[in-house]
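Let's take a tour of a protein model, one feature at a time. Have a look at the picture first, then read on.

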Amino acid sequence: MKTLIKNAHIVTAVDDYHADILIEDEQVSMIGKSLEVEADRVIDAGGKLVIPGGIDPHTHMDLPFGGTSSSDDFFTGTRAAAHGGTTTIIDFAVQNKGESMLKGVDTWHQKAQGKAVIDYGFHLITTEFEDKNKSEMFKLIDEGITSFKLFMAYPGVFLADDATIYRAMSAAGERGGLVCMHAENGIVINEIIKKFKEQGRLAPKYHALTRPTLAEAEGVHRAIALAEMAETPVYIVHLSCSDALNQVRQARDRGIPAFAETCPQYLFLSIDDYGEGWDGAKYVMTPPLRTSQSRGPLEGIENGRLAGDLDRSLPILYEGAEGAWKGRLFADPERRAGRRIPDGADLQRRRHRKQDLFEPFCRADLDGGREDVRNVPEKRHDRRRVGRGHRHFRHRERAYAVNRNTAYARRLLHLRRQKDQGQS
């Protein structure tokens with residue numbers, strides 16, 4: 001099947017021009033001025049922007065967690081992503097305790113098979129790693145699964161000790177793999193949680209107060225130190241605060257290859273959204289929402305120091321009742337809102353949410369260098385295609401991530417400061 005897109009304003013990581021695009025069998029086969037070719041379908045873009053599809057490098061489809069499961073599977077989640085302009089996701093397969101790394105990946109292949117409507121790849125959440133697992137890791141890297149996520153949080157579920165993290169980092173570095181770290185001091189957080197439970201402080205807002213910014217900063221510092229000893233890069237996922245950001249900044253100033261991502265909720269929401277009632281459960285995520293003073297990703301992106309791919313997704317349905325929440329506050333800390341809220345959990349709305357804020361500046365930034373469209377995840381994760389989507393939304397070239405650039409972020413920070421000043 002051939003599709004011809006006429007009169008397109010094409011913006012890529014390196015170019016900005018007007019042309020026609022011919023797509024044959026899901027591949028862009030020709031780009032040129034006024035293409036005169038036969039096609040099964042002709043779309044007149046009418047000067048509209050035509051950009052490559054987005055990559056979301058941090059999603060959780062059909063993930064069992066804390067006695068429940070994420071509300072999107074590989075069909076509903078990728079369908080929403082496609083409508084929002086994301087054409088590739090990198091989901092997290094899970095190696096459960098006691099099983100091989102290969103088994104975890106096989107399980108996630110089965111979850112995605114016949115359901116995904118866009119392209120997908122996998123990271124692997126690694127819960128156990130001994131020297132005997134090195135051959136499994138190398139086999140997965142050869143198959144295109146080149147990134148492995150380890151946790152410093154969730155004792156008894158995902159938490160890996162420092163020795164395990166060091167072994168995994170060293171092995172990944174030998175074959176060009178990358179370790180992604182959920183960096184929080186989960187052992188100390190559990191002690192704080194125990195104290196809050198004894199005091200009867202169980203409302204959703206206390207989720208944030210049991211996970212202080214220092215716990216995240218300590219985890220980031222330790223992850224970077226382990227990576228430096230292992231002589232390998234490290235990628236910090238969902239960084240949420242300035243205390244943690246400062247650790248990344250200091251490492252990069254010393255020449256350490258430390259990278260980080262943040263999420264939309266840490267830019268648009270704050271600890272105030274928890275409120276005092278049980279509806280605050282809609283905004284529980286890990287790391288939690290922060291105060292406006294400690295919401296560091298804005299400063300980090302402004303200074304060009306936060307090299308990342310912005311998003312993650314673990315939408316879990318909100319029961320909306322005190323009884324449903326009370327026993328689960330700390331057992332289920334990755335809880336998210338119900339269908340399509342808040343912003344951080346919604347694959348479909350992510351690009352739209354960013355556009356809401358940046359719309360007044362789109363033209364200036366396109367003229368100024370097109371840094372909003374870049375292939376950061378493809379470079380950072382160095383992935384091969386693991387799975388192909390089916391059904392619909394299959395016409396695309398290579399997917400690129402829409403990333404907040406320095407110019408956008410400066411304006412974003414300026415707008416936020418203006419808003420804060422107006423409220424004071």
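## Buried rings

A residue is called buried under 20% relative accessible area, exposed over 50%, and partly exposed in between (1.4 Å probe, protein chains only). Phenylalanine 122 has 0% relative accessibility, so it counts as buried. Tyrosine 120, at 6%, counts as buried too.

## Where this comes from

This is a predicted model: local features need pLDDT of at least 70 and side-chain atom pairs count only at pLDDT 80 or more, while totals for chains, interfaces and linings use all residues. Residues are numbered from 1 along each chain as its sequence is written, and side-chain values use heavy atoms, leaving out hydrogens and water.

## Rings that pair up

Rings of Phe, Tyr and Trp (its six-membered ring) pair if their centres lie within 6.5 Å; planes under 30 degrees apart are stacked, over 60 edge-to-face, and the rest tilted. The whole structure holds 7 aromatic pairs. In one of them, tyrosine 120 and phenylalanine 122 have ring centres 5.6 Å apart and planes at 50 degrees, so this pair is tilted.

## Charges over rings

A charge sits over a ring if NZ of Lys or CZ of Arg is within 6 Å of the ring centre and within 35 degrees of the ring normal. Which ring does lysine 149 lie over? That's phenylalanine 92, with lysine 149 at 4.7 Å from the ring centre. Arginine 201 puts its charged end over the ring of phenylalanine 196, 4.0 Å from the centre.
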